Amino acid sequence: MSLLESLASNVKTLNQLQQFHAQILHHSLHGQNFWIANLLRICTTVRAPLQYARQLFDSVPHPNVFVFTSMLKFYSQLNSHSDVLELFARMRTAGVSPDAFVFPILIKSTTADQGTAIHAHVLKLGLNSDRYIKNALLDMYARRGPIVVARELFDEMSEKAAADWNAMISGYWRWGDETGAKEVFETMPGKNVVSWTAMVTGYCKMGDLVKARDYFDGMPVKTVVSWNAMLSGYSQNGFAEEALSSFKEMMDEGVKPDETTWVTVISSCAACGDLKMAESLVSFLESRRLKLNCFTKTALIDMYAKCGNLTAARKIFEEMNNRNAVSWNAMISGYARHGDLASSRELFDMMPEKNLVSWNSMIAGYAQNGHSAMAIELFKGMTTMEEGLKPDEVTMVSVVSACGHVGALQLGKWAVDIIVKNKIELNTSGYNALIYMYSRCGSMKEAKRVFQSMPSRDIVSYNSLIAGFAAHGHGYEALDLMSKMTQEGITPDRITFISLLTACSHAGLLEEGKKIFESIKEPSIDHYACMVDLLGRAGDMDEAKKLLDTMPMQPHAGVYGALLNASCIHRKVELGELAARNLFELEPENSGNYVLLSNIYASANRWNDVDRLMITMRQMGVKKNAGMSWIEFNGKLHHFVAGDRSHERREDIYRYLEELGQRLRSLGYLVDKSCVLRDVEEEEKEQMLMTHSEKLAVAFGLLVTEAGAVIRVVKNLRICSDCHLSIRMISKLEGREIIVRDNNRFHCFKHGECSCKDYW
DNA sequence: TTAGGGTTAG
């Protein structure tokens, strides 16, 4: 016996454990509670596989309190709280009464609402004098709150162990109470390395790395855990390089890194995004012949994915035999980030137990790669398919942005309802997404309301709202907002200036725009493009050309595009040709440039040039994509392509189209074959969309289809009496001749009259 | 036995 006992104390690895197990079997001691309890305890220290521990437990016909406790401890180390609770229930059914050793384990696994019940139970059993149980209860309240109850228990203790002080310190930090944590730390007698590390972690979580470093440097003793705390503090606050240099420092001091260190170092390397550095880290790890655990391998997957080597990431993923949800998610988001949505979705569909992050990664993947409708659809799948999975802020940021991207106001409002119903708290980026959505949908009133209501605003908040004002022609409001932002100490950036110049351009604020442009310290190429656009639209074509000629960098397509567009508005054939020539070289596949130039030729009655251009376009294989549009109804997006008759309810649509036309005419709307238009205010437009039936919405979509363009409610409508084409007259151009290309025809409007010419 | 450190999504 004594030989076996001494053997037991020497077991350090799973292998030794198995040998020891064999010895016990050999001595026919198998099944005895004492030995199985011992073996299970060793299982916990050597982190034996769950399967192995379960087999041991099941081999005992009548487990006693020691066997139960050892097994509970094993589950607890794995954080399998449900297994702990289940086994505890089994223990009570088996009539085995729990002792003082069981309760700390049990308390650690209880859910929030069971906590007080357990506390009451402990009091009833008179076990509340046990220091470990008291510590477990204190820790439970410190973690889950109310923290004041933890403090009461703490104050009631006549003798406090270091663990009690430390649980209190980290409890205060968990609730963001720096003062509380500091007070306990400072009054604590015999601070140990755990107390100091808790302070370092606390300041790291607050983002105060200077104070964290002060405490770290002041530590009388440091362990690898203290180093890890400091390293992850740097890493998680976005200071990857500091994390890596502190790691070097740690190595120089001869501290042996552990698995947690590696995970932090790998993730810092991932944040740098430097593939060369990543590869040298991997060879460093290989040279040390480390056995990597699941966390480390997952961090490596993420690192390779972020550094752009998805093949290497996938290889590690495929070779892993113990993947967890995070490993899957790292791979899924890795593919999504690089735009490989097919691979991303394939893994997503294969993944056995998807969690919220999996859904968020996939939804964000669609949203950020321009597949807004897919993002919204997937989100609906998440809310209907996955019971008990509630969207969070990250989900809603993607969904709201996707709604904004397609300009679907009703869907956007539905997303807002979900935020409200689920009481999802938004931080700045959440509010920014709302501003973006409302701005894109043209609800500037709502966008302003969100902007005013948010607790703190960053540069993105300002930029989103300014971009909204810019897009809708509210030039002065955009400029006012810029002054407000500088007053609040936020310096406009590249994007702000782009929006401001766009705002001036759309509102025709030439002088203001010039001032803005002059105030930019180092104008980028995009700023020059905006300025050419502003000058060009305002009619100052010579200035526009001069700016293009004198700009310090090679103009890109955006600059020439602005010039071409202005040439089209002001019918400048030569300048238009110049711009177009450059554009045909820079982006030969863009059909829009051909169309604009042909419009210029048409306006000059140079029909031969129009024909020549159209032939070139066909020879070059440039195709104008069919106009695609969509309309939202009942939370569903209906897509339409010009000329498409494949909608499942086409018969209803056609029948309704007639009725609709009549009804709208009787309401005073101007209706023609291809569009329903009239001066309509924002509220009225919303009401129209909301009060009519689904048929109406679908019919709107079809009208869009027939016209081959997105439906718009516009002002200053003109309708061609001959071909029934309706166009939007820009007030500035009133009285001038306008050329529109639509339905394979050119339509020249002048004073409301139209002359048409077929070109194929 | 109790207290301190780790990977994924915007």
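Student: Which residues does Ser344 touch, not counting those up to four places away in sequence?
Tutor: Ser344 touches Ile332, Tyr335, Ala336 and Met362. Contact means heavy atoms within 4.5 Å. This is a predicted model, where local features need pLDDT of at least 70 and side-chain atom pairs count only at pLDDT 80 or more, while totals for chains, interfaces and linings use all residues. Residues are numbered from 1 along each chain as its sequence is written, chains are lettered from A and ligands numbered from 1 in the order written, and side-chain values use heavy atoms, with hydrogens and water left out.

Student: Why does Ser344 count as buried?
Tutor: Because its relative accessibility is 0%. Buried means under 20% relative accessible area, exposed over 50%, partly exposed in between (1.4 Å probe, protein chains only).

Student: And where is the place of Ser344?
Tutor: In helix H22, residues 341-350. Helices are DSSP runs of H or I, at least four residues, numbered from the N terminus.

Student: New topic. What is the mean pLDDT of chain A?
Tutor: The mean is 81, and 80% of the residues of chain A reach 70 or more. pLDDT is the predictor's confidence in each residue, from 0 to 100.

Student: Where does pLDDT stay under 50?
Tutor: Residues 670-760 are one such stretch, and the model has 206 contacts beyond four places in sequence for them. Another is residues 640-644, with 19 such contacts.

Student: Back to contacts. What is Ile169 in contact with, leaving aside neighbours within four places in sequence?
Tutor: Ala181, Val184, Phe185, Met188, Ser195, Ala198 and Met199.

Notes. Helices (H or I, at least four residues) and strands (E, at least two) are DSSP runs, numbered from the N terminus.
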